[in-house]
Each structure stands twice: as structure tokens, then as C-alpha cells.
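Colleague: Before we discuss this model, may I see the sequence and the structure together?

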Amino acid sequence: MQNNTRYSRQIILSEVGDHGQQKLQNARVLVIGAGGLGCPVLQNLVIAGVGHIGIADGDVVDESNLHRQPLYTISEVGKPKVMVAKQALTALNPEVEIEVFPEFFEPNNAGTIVAKYQIIVDCTDTISVRYLINDVAVAKRIPVVYASIHKFQGQVSVFNYQNGPSYRCLFPENEEGITIPSCAMSGVLGVVPQVLGSFQATEVLKIILGIGDVLSGKVLLYDALNGQTQIINFAKNQKAIEKGVVNGNKILNSKKPHNVLSPAIFLEKCNHPEVVVIDVRELDESPEHKGTNILLVPLSELADYSEKLNKNQEIILFCQTGQRSLAAMQYLQKSGFTSVSHLEKGIASLKNQNKSITT
């Protein structure tokens with residue numbers, strides 16, 4: 001049971017009370033994206049006492065993030081965001097259980113990441129990922145709390161809530177081809193994502209507590225320059241929802257390649273001394289990836305070298321682009337090795353994520 005002294009000022013609200021606080025403690029919320037929107041969402045949910053929070057993001061802290069992402073500091077530049085966020089959030093409230101996924105949300109990991117969660121908070125800035133989140137959420141009947149930002153403006157909505165409209169109802173499929181400028185391209189005033197993220201956190205708390213008027217079938221528009229908000233309504237489109245369900249079920253029921261590693265997970269595993277990491281490139285290829293447990297074994301020599309390895313040992317393979325490491329992984333699997341994976345897009349995918357790469 002949580003220490004309710006911490007939450008006494010919200011428990012005193014008739015809409016919350018001890019029963020509501022228990023609802024918050026039992027809730028399981030997944031936040032996808034730990035950037036400008038994700039930081040205030042996470043901070044507000046953690047201090048409110050939401051008991052189980054997942055964070056999915058494959059990015060690392062960049063100095064340009066710091067003006068709008070207050071979970072991070074200059075000393076943490078270059079570190080995985082989810083790891084830094086977990087540490088900062090645990091310091092805020094050690095009563096909250098935080099699970100991290102140091103990877104970008106993609107079709108091959110979506111089912112695994114969302115499996116244990118009841119609400120998804122979309123804090124991403126990529127159109128294709130928003131459709132992916134929507135489709136998986138619709139198929140699993142999980143509500144999604146959404147926000148997006150452009151310069152001084154933003155919008156918030158809730159999708160899939162109590163059989164309500166979905167993201168595809170608001171943004172039909174032909175919207176997918178439109179490129180929305182990111183913060184890096186168009187700029188953003190640092191306080192704007194703080195406001196929009198707080199709106200998102202508010203909707204999450206309302207859903208958990210069963211109070212208020214949830215923004216289902218509505219979009220809240222916020223204009224920071226004019227200090228104005230506006231709410232517009234939008235209709236449910238059954239065909240759009242059915243399309244999302246079909247797409248989502250295909251993703252959830254597809255065979256997921258758990259032996260394919262993202263850059264963040266690869267780098268994390270490289271720090272484990274019990275894991276064997278093998279570079280299957282030729283010896284003169286660059287950039288070099290340094291590490292105490294990295295072996296240089298060209299693909300042409302792997303068959304002979306594999307006889308020295310324990311077939312139950314965890315082995316990670318990488319090359320320049322991921323093609324040779326994939327072939328090496330398939331060879332070892334056919335040879336009876338039980339725990340083999342590879343870096344999907346090769347050494348090039350580690351750019352800006354690992355300072356141990358040298359040319």
C-alpha cells in the first residue's frame with residue numbers, strides 16, 4: 001500500500017478519495033516517447049502515484065533536448081533516455097514501479113511492449129508510429145492519450161476510449177503521406193510541450209479515476225501565443241476503426257523476431273561481461289567498435305571458431321549493415337546455438353549513440 005501522506009492533498013478530493021488513490025496505484029500506463037511531451041507526462045503520473053509505468057524510447061539524451069525535457073541534465077548527454085528517466089523518476093517517487101524499453105516502438109516489438117498495459121500515452125512525433133500505436137491499441141481495446149506540437153501550438157485528444165473514435169477517424173489514411181515538421185526542423189518554445197504533456201497526464205488520471213469529461217471524440221487545441229484553447233468535435237468512422245483492427249491484429253499475431261536488436265539494446269548488452277559479442281566483419285573494416293568482450297571473427301572463419309563456443313551462451317553478432325550478421329546468426333541457430341541475436345542495421349545504426357566507435 002502506498003504512503004497516503006504523500007497524496008493527501010488529492011485524496012481529500014471527493015472525486016479521488018482512498019478508493020481513487022488505490023485505482024491509481026493499480027493502474028498500468030505505457031508512455032511511448034520520453035521527449036518533450038513524455039517528460040511532463042511521466043513526472044505528473046509518477047508524483048500522482050500511478051503505480052506501474054512503462055517507458056519506451058530508443059533515443060539518447062542530446063544537448064538540444066535540455067531546454068524542454070527536464071528529466072535530463074548536461075551530464076547525461078549520450079545516455080539512453082529511458083535509463084536516465086527511470087533514475088530521475090524513481091528519485092521523485094520510489095513507490096512507483098517503472099519498466100523501461102530502450103527501443104523505438106516498431107511492429108516487431110509492439111505486442112511485447114504493450115502486453116501488460118491498460119492505457120497508452122502517445123508522446124511521439126512520427127506519423128507512421130502514431131498509426132502503429134493506434135492500430136495496436138484498437139486491436140487490444142486500449143485507450144490512447146495523444147498530443148502533438150507545432151511551434152507555439154498543440155493539440156490533445158483521447159482515442160479508443162469506451163468504443164469511441166480512433167486516431168484514423170481524425171486523420172484518415174491519406175494523411176500518412178504528409179510530413180509534419182519535427183521540433184528540430186520547425187522549432188518549439190520549451191514550455192509548450194510542458195503544457196501539452198500536462199494536459200495528457202490529466203486525461204490519463206481522469207480515465208483511471210473515472211471522473212470528468214474525457215476528450216474522446218474531441219480535440220483540444222492550444223495556442224500559446226494567444227493564450228487560447230478551443231475544443232472541436234470529430235465523428236467516429238467505423239471503416240477507419242475496422243482498418244485499424246485488421247492492421248493491429250496482423251501486427252500482434254505476426255511472428256516477432258526477438259533475436260533482432262535495436263542499437264540501444266545492443267549497447268546495453270555489450271556492457272554485460274557474460275555476453276559474447278562477435279564482430280563478423282573483416283579485420284580492416286571501420287568504424288571500429290571497442291569493447292572488452294568483443295571478439296573479431298570474420299564471417300568466413302565463424303564456422304571453425306564456433307566450435308570453441310558454448311551453445312547455450314548468449315551470443316550477439318554485428319557487421320557493417322546487418323546482412324552478414326544475419327547470415328551468421330542463421331548459421332549458428334542451425335548449428336544448435338540457443339541464444340543468438342544480431343544488430344539489425346549494423347554498425348552504422350550506432351552513429352551518435354556510442355562514443356566507443358572510432359574511425
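**Spaces, strands and loops**

Colleague: Which residues line the largest cavity?

Modeller: A cavity is a set of points on a 1 Å grid over the protein atoms alone where a 1.4 Å probe fits but cannot get out, and lining residues have an atom within 4 Å of a point. The lining of the largest cavity consists of Asp122, Arg130, Ile133, Asn134, Val144, Tyr146, Phe159, Asn160 and Tyr167.

Colleague: How should I read the numbering and the values?

Modeller: This is a predicted model, in which local features need pLDDT of at least 70, side-chain atom pairs count only at pLDDT 80 or more, and totals for chains, interfaces and linings use all residues. Residues are numbered from 1 along each chain as its sequence is written, and side-chain values use heavy atoms, without hydrogens and water.

Colleague: Which helix gives the largest share of the lining of the largest cavity?

Modeller: Helices (H or I, at least four residues) and strands (E, at least two) are DSSP runs, numbered from the N terminus. Strand 5 and helix 6 (127–140) each contribute at least two residues to the lining of this cavity. The largest share, three residues, belongs to helix 6.

Colleague: Which strands are the edges of the open sheet?

Modeller: Eight strands make up the open sheet, in the order 3-2-1-4-5-6-7-8 and with mixed pairing. Two strands pair if DSSP finds at least two bridges between them. Each edge strand pairs on one side only, and the edges are strand 3 (97–101) and strand 8 (228–233).

Colleague: Which residue in strand 6 is the bridge partner of alanine 147?

Modeller: Strand 5 and strand 6 run antiparallel and are joined by seven bridges. In strand 6, alanine 147 has as its bridge partner valine 156.

Colleague: Lysine 151 has a positive phi; is this residue buried or exposed, or partly exposed?

Modeller: Lysine 151 has a phi near 55° and belongs to the loop between strand 5 (144–150) and strand 6 (153–159). Buried means under 20% relative accessible area, exposed over 50%, and partly exposed in between (1.4 Å probe, protein chains only). With a relative accessible area of 41%, lysine 151 is therefore partly exposed.

Colleague: Is glutamine 162 buried or exposed?

Modeller: Glutamine 162 lies in the loop between strand 6 and helix 7 (167–170), and its phi is near 50°, a positive value in a residue other than glycine. Most residues other than glycine have a negative phi. As its relative accessible area is 67%, glutamine 162 is exposed.

Colleague: Which residues of helix 3 are buried?

Modeller: Helix 3 (residues 38–48) is mostly covered, with eight of its 11 residues buried. These are Gly38, Cys39, Pro40, Val41, Leu42, Leu45, Val46 and Ala48.

Colleague: What phi does the glycine just after helix 3 take?

Modeller: The residue just after helix 3 is glycine 49. Its phi is positive, with a value of about 95°.

Terms used. On a 1 Å grid over the protein atoms alone, a cavity is a set of points where a 1.4 Å probe fits but cannot get out, and a pocket is an open set with protein on both sides within 12 Å along at least five of seven lines; lining residues have an atom within 4 Å of a point.
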